Amino acid sequence: MDPCTERNAFCINEIRLEYKSHYSVLLDELVEAVRPLKEVDSPIFLDLTFGGGGHTFELAKRFPKAKVLSVDQDPEAFQNGQKRIQNEGMSERIDLRRGNFSEVINLHELEENSLDGIIADLGVSSHHFDSPERGFSFRFEGPLDMRMDPENIEVSAEDVLNDFSAEDIEEILRDYAQERFAKRIAENIVEFRKKERLENTKQLENIVFHCYPKKLRFGKTHPATRTFQALRIYVNRELDVIAEVIPQLIKYLKPGGSMGIISFHSLEDRIVKVEFRKMAKELGLADLVTKKPILPSESEINENSRSRSAKLRVLRKKS
Ligand SMILES: C[S@@+](CC[C@H](N)C(=O)[O-])C[C@H]1O[C@@H](n2cnc3c(N)ncnc32)[C@H](O)[C@@H]1O
């Protein structure tokens, strides 16, 4: 079969899988994880990753006198969020600011010991994957952008692919996605750009697809998945900001307040696990509520295939 036809067949399956993904992952589990131990009249929660607002709105619904402070660095998430907050008459209770969550202390002028709970649902949203013009998905043709915040992040995926050395690209693919064909993919990218600039998602998908041995091209995971993941993590400094923000935020929780974080791949989860352990075991500031992460139920995975790799870890600040 012609590889393009084969690839398209794969993509159609992917689209079907993704159709149902407008969905907040581990919604009940995350919101309940930050329920205050004793009833609080007007709790204050912080959501580091507003996205479509699913978790933020659920906090506001379940705790009718709560105030929810929220953040998102993505301009579309922010604009849609502002509209939704207004349309649902929640402006008094939900305060959404735009920016990177590594700046959240300033963005919301947080006070120490003031928050009842902090939540995060890391990574990109299904909206990102479903917007061809953002370049996050190889399912559609689009520019190789991948910046969650195009105004403030300077280097796009296209810059990395056209300006970085083969060694640097290989390192990104290895470090951020453990891509086993990283060297071959990096070399083929450099070969391609000798002829023309690498500027769209389908060109990259095609290069990666042909770097995989024929017998591995049609497995459960599309060959380009890891390459796209690695570039996105690098461009948005996704792992660095998680490691920075967790230790900073603990002092803004009230004693007894909780922090719940959902991650989507092993590198992210490892950082959350290590930082939570540090807070609990080395610094003695908190207790681990989840020794092992909470995973989505089978029915959630059936309803929303994207939830299959989600892991929720919860920490509680000592009283
Ligand atoms: C998985 S989505 C969140 C979905 C949301 N919980 C819901 O229920 O609709 C992650 C969101 O976090 C945002 N985000 C990721 N990293 C961020 C960061 N470092 N600072 C601010 N926002 C970030 C993304 O733009 C995206 O909209």
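Author: We take helix pairs, then a pocket. The model is predicted: local features need pLDDT of at least 70, side-chain atom pairs count only at pLDDT 80 or more, and totals for chains, interfaces and linings use all residues. Residues are numbered from 1 along each chain as its sequence is written, and side-chain values use heavy atoms, with hydrogens and water left out.

Reader: How do I describe two packed helices?

Author: Two packed helices are described by the angle between their axes and the distance between the axes. Axes are lines fitted to C-alpha atoms, for helices over the stretch in contact, with angles from 0 to 180 degrees between N-to-C directions. Helices are DSSP runs (H or I, at least four residues) and strands likewise (E, at least two), numbered from the N terminus. Take α12 and helix α13 (residues 266-282): their axes come within 10 Å and cross at roughly 15°.

Reader: Which orientation does that make for α12 and α13?

Author: α12 is therefore roughly parallel to α13. Angles under 35 degrees count as roughly parallel, over 145 as roughly antiparallel, 65 to 115 as roughly perpendicular and the rest as oblique.

Reader: Which residues of α12 and α13 make the contact?

Author: Contact means heavy atoms within 4.5 Å. On α12, Leu239, Ile242 and Ile246 are among them; α13 gives residues including Ile271, Val272 and Phe276. By class, this contact of α12 with α13 has 10 nonpolar, no polar and three charged residues. Ala, Val, Leu, Ile, Met, Phe, Trp, Tyr, Cys and Pro count as nonpolar, Asp, Glu, Lys and Arg as charged, and the others, Gly among them, as polar.

Reader: At what angle do α8 and α9 cross?

Author: Helix α8 (residues 166-177) and helix α9 (residues 182-195) cross at roughly 140°, and their axes come within 8 Å. α8 is therefore oblique to α9. The contact of α8 with α9 divides into eight nonpolar, no polar and four charged residues.

Reader: Now the pocket. How is empty space found?

Author: Rolling a probe the size of a water molecule over the atoms shows where empty space is left. On a 1 Å grid over the protein atoms alone, a pocket is an open set of points where a 1.4 Å probe fits, with protein on both sides within 12 Å along at least five of seven lines; lining residues have an atom within 4 Å of a point.

Reader: How many residues line the second largest pocket?

Author: The lining has 38 residues, and Phe50, Gly51, Gly52, Asp72 and Ser125 lie nearest the centre. α4 gives the largest share, four residues. The lining divides into 11 nonpolar, 20 polar and seven charged residues.
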